[in-house]
Protein chains: 2
Amino acid sequence: MPQFGFTQQQILEPKESGVRAVGRAGTISTPHGDIQTPAFIPVGTKATVKSVLPESMKDLGAQALLANAYHLYLQPGCDIIDSAGGVGKFMNWSGPTFTDSGGFQVMSLGVGFKKVLAMQTDTVQRDDVIADHKERLAHVDDDGVTFKSHLDGSMHRFSPEISMQVQHQIGADIMFAFDELTTLMNTREYQEMSLERTRLWAIRCVEEHKRLTIERTDKPYQALFGVIQGAQYEDLRRKASRDLGAMDFDGYGIGGALDKNSLSTIVRWVSEELPADRPRHLLGIGEPEDFFAGVESGADTFDCVAASRAGRNAAVYTKFGRFNITNAKYRRSFAPVTDDCACYTCTHYTQAYLHHLVHAKELLAATLLTIHNEYFVVNLVARIRESILDGTYYELKDEFLGTFAGRSL
Amino acid sequence: MPQFGFTQQQILEPKESGVRAVGRAGTISTPHGDIQTPAFIPVGTKATVKSVLPESMKDLGAQALLANAYHLYLQPGCDIIDSAGGVGKFMNWSGPTFTDSGGFQVMSLGVGFKKVLAMQTDTVQRDDVIADHKERLAHVDDDGVTFKSHLDGSMHRFSPEISMQVQHQIGADIMFAFDELTTLMNTREYQEMSLERTRLWAIRCVEEHKRLTIERTDKPYQALFGVIQGAQYEDLRRKASRDLGAMDFDGYGIGGALDKNSLSTIVRWVSEELPADRPRHLLGIGEPEDFFAGVESGADTFDCVAASRAGRNAAVYTKFGRFNITNAKYRRSFAPVTDDCACYTCTHYTQAYLHHLVHAKELLAATLLTIHNEYFVVNLVARIRESILDGTYYELKDEFLGTFAGRSL
């Protein structure tokens, strides 16, 4: 049974002198196959990429899928996925799989989060101060998080140990340590306190992971990635990277709310501190324009729901930005959905057909537009990888960002 | 360019003596390929089999698809489908296609129909009596039908000529003549009047079809099927069959409301009168148990939305009847969705996974259950064909109906 591993194949030389090289092309090895990096990992939140067959995901170039421990814990229950032989087998996906820790979801889902956010701008950020807020669905303490299911309101608790147990039952090749989610609006004081909590949780995750790995020799090895928090603070990000970098993690996730302008800077701080022989995953990023910033700053893998969600909302990714296929000008356009795209959707269907499907509220619209958008991001990151290997990265970057006009056309 | 044709390959000998042989195995030839009959033709109402890729339909054995002239006329508009190169090209289906005439839908869709039906049981059935009924969305006269769109309430008119023009624009290989829909609740007097109207419309359809065929030499030949009405009356069904049988139709549809008990009898009356060298399509039928009655009585092809609609409602077809996958007993069942089924869904997914997808309201549930149910009916009719060819039809019928317990388990 192959174990987990990561090899660097080509370092991306920075364009500016004096900047440390952190970008690279590499290969992550897992028991269910290799991932050639940089790579975009499409999200199958509830053990399905919404509206798309796994074979279609494979055909469009997806190397691995990322499912969500929080969602699967609530529904169908991780014991069921364990009995099914793990999430890959459950969902008919034979390649590598990831699960996130559930930390982000237990703290962000439900009605409470936005109100808590608003409140936090006016208050000293101590969780005991905001715990009593009526709307809050999640209460964080030093041992873990108590939260209310967004499905039925039932109460649940995640701790570092429980997250590890849940993720071991789900059985993905790559798991993430349980961390606390903060926001850019939290105070510096709260970020420091939270980061220490995440550090202590990381230690507990590694311990519980080791215990479970020894206990469950019937399963392929699951790799554990620590999650680097620290918000927008350089010293906190670097400290967290050194702290967790010294622990026995197989790789690292870069977490927390990142605004687009600071994304590159923050990922670079982290990449400079983390051990270079382990892969770095940028959690929940990104939009097409984010990949270049991420890769140059040292990110090896990415996941994001934006591409598939956009597809379900009739938005089509193109190299110029995105457009909405419901616009009347596509009603009788018999051109491919986008030009110069080799995806299944663009090679088999017209803009007029997709326009019709969306207006007729046909389910196939979601399928075809998700296939296109996922192809777009998977293929863009694959081209970034190729450009690192053949030394044309900066040409590709200039070409792409030269025409790409952001989110909507 | 191959034209339309039908060849009989094997006659099914009736089990009872003295009964005329009308069941058969054959081949329908169209410009887009052959259909081996008996065959079930899945429905793609709006130029898509809801939630399923055309390649999946081909893989499960579908030989042809049937779209709906009424729906496509309203959305996206048949001129758009014409510009796209016809419905097959529009929807990425290279095989043969059917369209119904729109007659059934213009008269049955919308809020009015059930109320009109109820009223008609108490009234002399003359369309001028019921035309004023407030709720009615369709008004029939001798020249055609004026109806209100179920989408936006706009007013439209179909006549035999317009139906032919619409279906020529949609460009399916097999079209149906425009007919009046009656119900089993109409009086005998109304049925006679309606049947004469449908006869006169059939003549107009043939004429308009000939005109359009000569006009549009840029397109492959489209075959036209006459539709046999006559409700539950033997003399009316036989007369309609003789009348339309003498006209220049390429094949025939058997229409009208048929209750399950009289289905076999009515189809037999029609099949005995129609010219044996032309195919017979049983419109809107059926459920698994209907195919045997239909084939023995002379039906060559079938279409019905039941299988896909059941799939979208979490109902799974099996040889014992159908069951609902949402039932709690499937929550941790890791058996295939059904036993002994070679379809994509049953060979790749468990009952537990489908149960999860339905409960999680995931779109893929509709896709996978539709694939299974369509495979079930397509494959059942394909097995009926094989059994006619190898002389084991009655064994297959006894075996299937011996275990099949009707609609729900």
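I take axes as lines fitted to C-alpha atoms, for helices over the stretch in contact, with angles running from 0 to 180 degrees between N-to-C directions, and I take helices (H or I, at least four residues) and strands (E, at least two) as DSSP runs numbered from the N terminus.

I note that this is a predicted model, in which local features need pLDDT of at least 70 and side-chain atom pairs count only at pLDDT 80 or more, while totals for chains, interfaces and linings use all residues. Residues are numbered from 1 along each chain as its sequence is written, and chains are lettered from A and ligands numbered from 1 in the order in which they are written.

Entry on the helix pair. I looked up helix 15 (residues 351-359) and helix 16 (residues 363-389) of chain A, and found that they pack at an angle of about 135 degrees with their axes 7 Å apart. This makes helix 15 of chain A oblique to helix 16 of chain A (under 35 degrees is roughly parallel, over 145 roughly antiparallel, 65 to 115 roughly perpendicular, and the rest oblique). On the side of helix 15, A:L354, A:L357 and A:V358 meet A:L364, A:A365, A:L368 and A:L369 of helix 16, where contact requires C-beta atoms, placed from the backbone, to lie within 7 Å. I sorted the residues of this contact by class and got 7 nonpolar, no polar and no charged (Ala, Val, Leu, Ile, Met, Phe, Trp, Tyr, Cys and Pro are nonpolar, Asp, Glu, Lys and Arg charged, and the others, Gly among them, polar).

Entry on the two chains. I laid chain B on chain A with an RMSD of 0.0 Å, by a turn of 180 degrees and a shift of 0.0 Å along the axis, superposing by least squares on the C-alpha atoms of residues with pLDDT of at least 70 in both. The two copies are thus related as by a two-fold rotation axis.

I then asked how many residues of chain B are in contact with chain A. There are 30, and they touch 30 residues of chain A; helix 3 (78-83), helix 15 (351-359) and helix 16 (363-389) of chain B each supply at least two residues of that side of chain B, and helix 15 of chain B gives the most, with 5 residues. By class, this side of chain B has 15 nonpolar, 10 polar and 5 charged residues. Because 100% of the interface residues of chain B are also interface residues in chain A, the copies meet through the same surface.

Definitions and conventions. Two residues are in contact if their C-beta atoms, placed from the backbone, lie within 7 Å.
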